[in-house]
Amino acid sequence: MEIPILKIDNCLVVSIQGSLTDTAALELQENLARDISQQEPVGVLVDLTAVEIVDSFVAKVLSDISSMSKLMGVNVVVTGIQPGVAITLIELGITLEGIRTALNLQKGIDLLRA
Amino acid sequence: MGLTQTLTNNVEEIAQETATMIKNIPLDNEIEYSVLISRLRELVNQLILTLKSGVDEDYIRFFDDLIRQKVNEGYNINDIQRILTVLRDKLIDVIEKEYYEQPDKINEYFKVIVKIIGESRISIGKAYIKVRENTIIQQQQALNELSTPIIPLFDKIVVVPLVGTIDTFRAKQTIERLLNAIVSEHAEIVIIDVTGVPIIDTAVAQNLLNAASAARLLGSTCILVGISPDMAQTIIKLDVNLFSSVITNTNLKKGLETALNIIGLKITPVQKGR
């Protein structure tokens, strides 16, 4: 299933629902890179509220997506990381250094607008 | 006449005379004579049952119950072992008296008695360890519950006062509870207070950093307060620049000021009168 990339005002919102397969994750990375270069948003929100489980590969891709967006000059905010997911990420050594995070989507939007 | 029959016939005598003998040896805890006799009666009856049916669940349960009760009452295990020794001597006396004409039987029954008393000692040891382990587990649980409170201090601010040594298990538990609290309280600021942490090593430092990183992933800012001078020196000596990514403040008061500052609030005096 392809993950939709939505445009709200001048931000891109990626809301990941349920478990993320390896192919879907890679596809998202490609699509997002393309959309960023075409639509030139000011910010990207990656919402993980509905993600309960991540494995090492998906965690790596998520981290890559964030760093990639940052590299392309847009502000990235990762929102709604669940406690269990946060613990997994830390244990895998992925701290998303330099990437902003917010408790939920609303706060993420506020962060981008600030 | 078999051994079990002989013992069954003499339960009362064994119990009473053993009790009298026990009165003459020094025990750590005083035990009342009548209680002692009824206890000994139960014990001898149980031993007879065991002689008939072998070591079974009833037998193990008997000692488990006995030891649990005794430990809860504050007796120590040494007295029980001493009593068992006296009882063994008494049982051997009874056998010698009963079978003085049949030395081969005496020999055989001696072995039986020594064996069953030995088994009892093992059971007592096991039961004692079981009781103690239960106590330790209970205390550990109580300690864990007590030692990691997570306090919502103000809207969007939670405080985690850490007290005592932080091992990996406790750190994991604290991180888990902290993260859940962040989500449920919509906390934007987490203040970790380490005033009560006496020593710090690389593992503890790593655990603290993990907590801070995990909190950050959820979207809250972590403030570390109460690092003692000793602790600061240790961290420098360990050459871990672990806390460069975390805001640090001297004490909880300063931490709270920083926290309010971040969320754009301040404490002002109430205007008196109108």
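In chain B of this predicted model, 5 strands make up an open sheet of mixed pairing, ordered 1-2-3-4-5; strands are DSSP runs of E of at least two residues and helices runs of H or I of at least four, both numbered from the N terminus, and two strands pair if DSSP finds at least two bridges between them. Strand 1 (151-154) and strand 5 (247-249) of chain B each have a single partner strand, so these edge strands are left without a neighbour on one side. On average, neighbouring strands are turned by 30 degrees against each other, direction ignored (axes are lines fitted to C-alpha atoms, for helices over the stretch in contact, and angles between N-to-C directions run from 0 to 180 degrees). Strand 1 of chain B runs antiparallel to strand 2 (residues 157-163) of chain B, with 3 bridges joining them; Phe154(B) has Ile157(B) as its bridge partner.

Two helices accompany this sheet. Helix 7 (residues 168-185) of chain B lies across strands 1, 2 and 3, at about 165 degrees to strand 2, while helix 10 (residues 252-263) of chain B lies across strands 1, 2, 3, 4 and 5, at about 175 degrees to strand 3; contact means heavy atoms within 4.5 Å.

Residues are numbered from 1 along each chain as its sequence is written, and chains are lettered from A and ligands numbered from 1 in the order written. Local features need pLDDT of at least 70 and side-chain atom pairs pLDDT 80 or more, whereas totals for chains, interfaces and linings use all residues, and side-chain values use heavy atoms, leaving out hydrogens and water.
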